[in-house]
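Have the model open while you read.

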Amino acid sequence: MKLSHSEVEQRMQGATGWTRDGDAIRKQFTFANFLEAIAFVNHLAPEAEAADHHPDILINYKRVTLTYSTHSEGGLTAKDFAGAATADRLA
């Protein structure tokens, strides 16, 4: 279920380093090198698959940018913030 504006704002307070971009949240992670960036994505992928919620992933050398939005709900849901928390834990 799509979160209300106030629910999103409340959850953003606990989402350190994440920014809101319209109906999505985004964060860039920086690693020591390309291999560490790829390893992060490889650790995140099975968890995203298990949750059946997948971020958009952009890899630029040692930087990985993740974007979460629940397109089927037309905005941000609890799944997006759960995915963000998983990414933070794995980083």
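## Helix α3

Helix α3 covers residues 78-90, 13 residues in total, and reaches 19 Å from its first C-alpha to its last. That is close to the 18 Å expected at 1.5 Å a residue (the expected span is 1.5 Å times one less than the number of residues). Helices here are DSSP runs of H or I with at least four residues, strands are E runs of at least two, and both are numbered from the N terminus.

This is a predicted model, where local features need pLDDT of at least 70, side-chain atom pairs count only at pLDDT 80 or more, and totals for chains, interfaces and linings use all residues. Residues are numbered from 1 along each chain as its sequence is written, and side-chain values use heavy atoms, with hydrogens and water left out.

Which residues of α3 are buried? They are Asp-80, Phe-81, Gly-83, Ala-84, Thr-86 and Ala-87. Buried means under 20% relative accessible area, with a 1.4 Å probe and protein chains only; exposed is over 50%, and partly exposed is in between. The buried residues of α3 pack against α1, β2 (24-30), α2 (34-51) and β4 (63-68), where a contact means heavy atoms within 4.5 Å.

With α2, the packing angle is about 150° and the axes are 10 Å apart. That makes α2 roughly antiparallel to α3 (over 145 degrees; under 35 is roughly parallel, 65 to 115 roughly perpendicular, the rest oblique). Axes are lines fitted to C-alpha atoms, for helices over the stretch in contact, and angles run from 0 to 180 degrees between N-to-C directions. On the α2 side, the residues that meet α3 include Phe-40, His-43 and Leu-44; their partners in α3 include Thr-86 and Ala-87.

## The aromatic cluster

Trp-18, Phe-29, Phe-31, Phe-40 and Tyr-68 form one aromatic cluster. Rings of Phe, Tyr and Trp (its six-membered ring) pair if their centres lie within 6.5 Å; planes under 30 degrees apart are stacked, over 60 edge-to-face, and the rest tilted. The count comes to 4 aromatic pairs.

Trp-18 and Phe-29 are an edge-to-face pair, at 6.0 Å centre to centre and 75° between the planes. Trp-18 sits in the loop between α1 and β1 (19-21) and Phe-29 in strand β2, so this pair ties together parts 11 residues apart in sequence. Trp-18 is buried at 5% relative accessibility, and Phe-29 is buried at 6%.

## Leu-3

Leu-3 lies in the segment before α1 (5-13) and is buried, at a relative accessible area of 12%. Among the residues that Leu-3 touches are Leu-76, Ala-78 and Phe-81.

Note on methods
Lists of a residue's contacts leave out its neighbours within four places in sequence.
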